[in-house]
Amino acid sequence: MGRILCIANQKGGVGKTTTSINLAANLSRAGKRTLLIDLDPQCNATSGLGQKPTPRHSLVQRTPLHEAVVPTTYENLSLLPGSRSFQDVDALAKSDDSQAEAIRVHLTNELAGYDYVLIDSPPSLGQLTQTALAASTEVLIPIQCEYFAMEGLTQMINVIRAVMKRHPGRLEFGGILLTMYDPQLELTREVDSEVRDFFGEVVFDTVIPRDVAVAEAPSHGQAVIDYAPRARGTRAYMELCLEVMEHE
Ligand code: ATP
Ligand code: MG
């Protein structure tokens with residue numbers, strides 16, 4: 001069985017979806033059979049890959065994965081599209097432990113064919129994110145280099161620890177990723193050293209620079225590697241991909 005990476009941070013707009021799409025695209029380019037699961041009702045990962053949300057989320061319906069996944073423009077990358085259905089969001093968000101477990105089993109049973117599964121989760125610590133964490137082998141936390149970056153992180157780590165306790169030996173800290181990095185800014189450098197002092201080894205060496213090409217790419221339904229192959233953001237996500245693969 002492959003690696004299942006949950007991309008999570010309850011803070012909004014820190015680069016979860018951007019990282020999900022671009023890491024997934026790079027992994028698939030490296031020949032890894034990759035699945036991106038869009039678990040956020042905003043469905044940004046789905047539209048960012050030029051795909052359409054589904055009327056009902058296949059995880060709620062327990063549709064067999066092989067029927068629910070759609071191909072993308074990347075040869076080795078499939079997508080499990082998100083859904084904006086209130087009903088489904090409610091059902092997923094309210095699911096108790098046993099239902100979350102059923103979803104987890106449903107998911108993991110069918111993931112055998114993939115080397116990497118990435119789950120883009122919503123900006124919350126609710127049941128949806130917890131279900132995603134419970135189904136994952138690693139959690140990757142993007143952090144935006146801004147003043148409140150570290151705030152809420154303790155809460156987030158407590159939730160991760162609680163999931164680890166409920167499912168011992170499964171979930172690991174995959175790493176913390178600094179995003180929207182601007183080395184010219186004093187604040188960026190401060191956040192960088194604060195995060196590295198506090199979390200040490202767990203922080204990825206790679207940082208993702210603030211780069212307008214990264215922000216523009218999803219409006220063309222593309223990962224930045226195709227939208228702007230020479231952009232700094234492209235290079236950064238390639239490096240991140242290599243760093244992630246080092247831990248295979
Ligand atoms: P949400 O919590 O709402 O799901 P998110 O954590 O998924 O948000 P993104 O949607 O990936 O965050 O990014 C937030 C915004 O920042 C988007 O407009 C995105 O295009 C932009 N952005 C992300 N990364 C970068 C970057 N490296 N350079 C420039 N803009 C970026
Ligand atoms: Mg998002």
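## A glycine to start with

At 27% relative accessibility, G126 counts as partly exposed. This glycine is found in the loop that runs between strand β5 (116-120) and helix α7 (127-135). The structure you are looking at is a predicted model, so treat each value below as something computed from that prediction.

## The largest pocket

Let us move on to the pockets. The largest pocket has a volume of about 310 Å³. How many residues line the largest pocket? There are 20 of them, and the ones that lie nearest its centre are G15, T18, M180, V214 and A215.

At least two residues each come from α1 (16-29), α2 (44-48), β7 (172-181), β8 (203-209) and α10 (212-216). Helix α1 gives the largest share, with four residues. Sorted by class, the lining has 10 nonpolar, eight polar and two charged residues.

M180, one of the residues nearest the centre of the largest pocket, belongs to strand β7. Its phi angle is near 50°, which is a positive value in a residue other than glycine. Is M180 buried, partly exposed or exposed? With a relative accessibility of 22%, M180 counts as partly exposed, because the buried class ends where the value is no longer under 20%.

R62 also has a positive phi without being a glycine, with a value near 55°. You can find R62 in the loop between α3 (58-61) and α4 (65-68). R62 is partly exposed, and its relative accessible area is 32%.

Now look for ligand 1. Around ligand 1 there are 18 residues, and K16, T17, T18, P209 and D211 come nearest. Which class has seven residues in the shell around ligand 1? That is the nonpolar class, and the shell also has six polar and five charged residues.

A polar atom in the side chain of T18 lies 2.5 Å from an oxygen atom of ligand 1. In the side chain of D40, an N or O atom is 3.4 Å from an oxygen atom of the ligand. D211 takes part through its backbone: one of its backbone N or O atoms lies 2.9 Å from a nitrogen atom of ligand 1. On its own, ligand 1 has 630 Å² of accessible area, and the protein covers 80% of it. Helix α1, strand β8 and helix α10 each supply at least two residues of the shell, and α1 gives the most, with three residues.

## The second largest pocket

The second largest pocket holds about 190 Å³ of space. Its lining includes M150, L153, T154, I157, N158 and R161, as well as F173, I176, F198, F199 and V202. Two or more of the lining residues come from each of α8 (153-166), β7 and α9 (186-199).

Which element gives the largest share of this lining? Helix α8 does, with five residues. By class, the lining residues divide into eight nonpolar, two polar and one charged.

D192 has a relative accessible area of 12%, so it is buried. The side chains of D192 and R196 are joined by a polar contact of 2.7 Å.

H57 lies in the loop between α2 and α3. At a relative accessible area of 3%, H57 is buried too. A polar atom of its side chain lies 3.0 Å from the backbone oxygen of D38.

S136 is placed in the loop between α7 and β6 (138-144). Is S136 buried or exposed? Its relative accessible area is 0%, which means that S136 is buried. Along the chain, S136 and I119 are 17 residues apart, while their C-alpha atoms are separated by 8.3 Å.

How values were computed:
Residues numbered from 1 in each chain as written. Chains lettered and ligands numbered in written order. Predicted model: local features only at pLDDT ≥ 70, side-chain atom pairs only at ≥ 80, totals over all residues. Heavy atoms only, no water. 1 Å grid on protein atoms, 1.4 Å probe; cavity = no way out; pocket = protein on both sides within 12 Å on 5 of 7 lines; lining within 4 Å. Points joined across faces, edges and corners; volume = space filled by probe spheres on them. Nonpolar A, V, L, I, M, F, W, Y, C, P; charged D, E, K, R; others polar. Near = heavy atom within 4 Å. Polar contact = N/O pair within 3.5 Å; in protein donor to acceptor, adjacent residues only side chain to side chain. Areas by Shrake-Rupley, 256 points an atom, 1.4 Å probe, with all protein chains shown as cover. Buried < 20%, exposed > 50% of the residue type's maximum accessible area, 1.4 Å probe, protein only.
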